[in-house]
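Me: I would like to go through a protein structure step by step. Could we take it one residue or region at a time?

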Amino acid sequence: MVSHTTWLRYLARRFEYSLANAAKSYQHGKITNTEVGDNVWKTFFQGKLTFLHWNKGEEMVPTIAAEGGTLLVRKIPAADSQRVFVGDVVVLKDPEQSDNYLVRRLAAIEGYEMVSKDEKEEPFILEKDQCWVLADNEKLKPKEAKDSRLFGPVSMNDIIGRVLYCLRTAVDHGPIQNSQFSMQKDLPVLEVELDVDEMAKNHKA
């Protein structure tokens, strides 16, 4: 049973999402300024703040099993340093395959100085709206991990969501360890929208 306080916090998250989604649509010319208000309320009353995503591969072991996992992902219409944080596990567009998506951990954002272990490579600062993502599996080489060590910085605009929960099997599932700030913000969303039975039905393993 979800408490009244949790519901209020959840509705606040819905409203924040609706505003961000409308602002993004307006900036991209999908709606006019007179349609912003209607768009906000339409988004607020329709749909969920999350979606299910299937991920398979060794890149995110042990967070996500190599055999694959069904993920509950919170939608992020416009990722920036106020909405995603270092330590978050995010879903982003594959820089090398536009029709594919990767799940990686956010390791650095704009303003961070990146220093390579290779002394031949010069340090550099991540520019505005840039971020650095890494695989959790430290045993993999950069080419195998397919992360920023291979393709470099990625745009924050390529991030579409933050992973909240992972179902590995019907008896092995639980919340994802994100940044402390994100986990606090996402808690009401997780409490209201998490449906393990639905995730199990969509599980491919």
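Me: Where is Gln 177 found?
Reply: This is a predicted model. In it, Gln 177 is found in the loop between β10 (172-175) and α5 (180-193).

Me: Is Gln 177 buried or exposed?
Reply: Gln 177 is exposed, because its relative accessible area is 55% and exposed means over 50%.

Me: Which residues is Gln 177 in contact with, leaving aside its neighbours within four places in sequence?
Reply: Gln 177 is in contact with Gly 87, Val 89, Arg 105 and Met 183.

Me: And how far apart in space are Gln 177 and Thr 5?
Reply: From C-alpha to C-alpha, the two are 23 Å apart, and in sequence they are 172 residues apart.

Me: Changing topic: how many aromatic pairs does the structure hold?
Reply: The structure holds eight aromatic pairs. One of them joins Phe 15 and Phe 44, whose ring centres are 6.3 Å apart. The planes of these two rings stand at 80°, so the pair is edge-to-face.

Me: Which parts does that pair tie together?
Reply: Phe 15 lies in helix α1 (residues 4-27) and Phe 44 in helix α2 (residues 36-45), so the pair ties together parts that are 29 residues apart in sequence. Phe 15 is partly exposed at 33% relative accessibility, whereas Phe 44 is buried at 15%.

Me: What about Phe 124 and Trp 132?
Reply: Phe 124 and Trp 132 form a tilted aromatic pair, with 5.8 Å from centre to centre and 55° between the planes. Phe 124 is partly exposed, with a relative accessible area of 32%, and Trp 132 counts as buried at 12%.

Me: Which residues of α2 are buried?
Reply: The buried residues of α2 are Asn 39, Val 40, Thr 43 and Phe 44. Seen down the helix axis, these residues fall within an arc of 130°, so they line one face of α2. What covers them includes α1.

Me: And what does the face of α2 turned away from the buried side carry?
Reply: That face carries the exposed residues Asp 38, Lys 42 and Phe 45. Just after α2, Gly 47 takes a positive phi of about 70°.

Me: Which residues have a positive phi although they are not glycine?
Reply: Among them are Asp 129, with a phi of about 70°, and Lys 146, with a phi of about 50°. Asp 129 is in the loop between β6 (124-125) and β7 (130-134) and is partly exposed at 30%. Lys 146 is in the loop between α3 (142-145) and α4 (148-151), and this residue is buried at 17%.

Me: Which peptide bond is cis here?
Reply: The bond from Val 61 to Pro 62 is cis, with omega near 10°. Pro 62 has its place in the loop between β1 (50-55) and β2 (69-75).

Me: Last topic: what volume does the largest pocket have?
Reply: The largest pocket has a volume of about 440 Å³. Of the 13 residues that line it, the closest to its centre are Val 115, Ser 116, Lys 117, Trp 132 and Arg 149.

Me: How does that lining divide into nonpolar, polar and charged residues?
Reply: The lining of the largest pocket has seven nonpolar residues, one polar and five charged.

How values were computed:
Residues are numbered from 1 along each chain as its sequence is written. This is a predicted model: local features need pLDDT of at least 70, side-chain atom pairs count only at pLDDT 80 or more; totals for chains, interfaces and linings use all residues. Side-chain values use heavy atoms; hydrogens and water are left out. Helices (H or I, at least four residues) and strands (E, at least two) are DSSP runs, numbered from the N terminus. Buried means under 20% relative accessible area, exposed over 50%, partly exposed in between (1.4 Å probe, protein chains only). Contact means heavy atoms within 4.5 Å. Rings of Phe, Tyr and Trp (its six-membered ring) pair if their centres lie within 6.5 Å; planes under 30 degrees apart count as stacked, over 60 as edge-to-face and the rest as tilted. The arc is that of the directions from the helix axis to the C-beta atoms. On a 1 Å grid over the protein atoms alone, a cavity is a set of points where a 1.4 Å probe fits but cannot get out, and a pocket is an open set with protein on both sides within 12 Å along at least five of seven lines; lining residues have an atom within 4 Å of a point. Grid points are joined across faces, edges and corners, and a volume is the space filled by probe spheres set on the points. Ala, Val, Leu, Ile, Met, Phe, Trp, Tyr, Cys and Pro count as nonpolar, Asp, Glu, Lys and Arg as charged, and the others, Gly among them, as polar.
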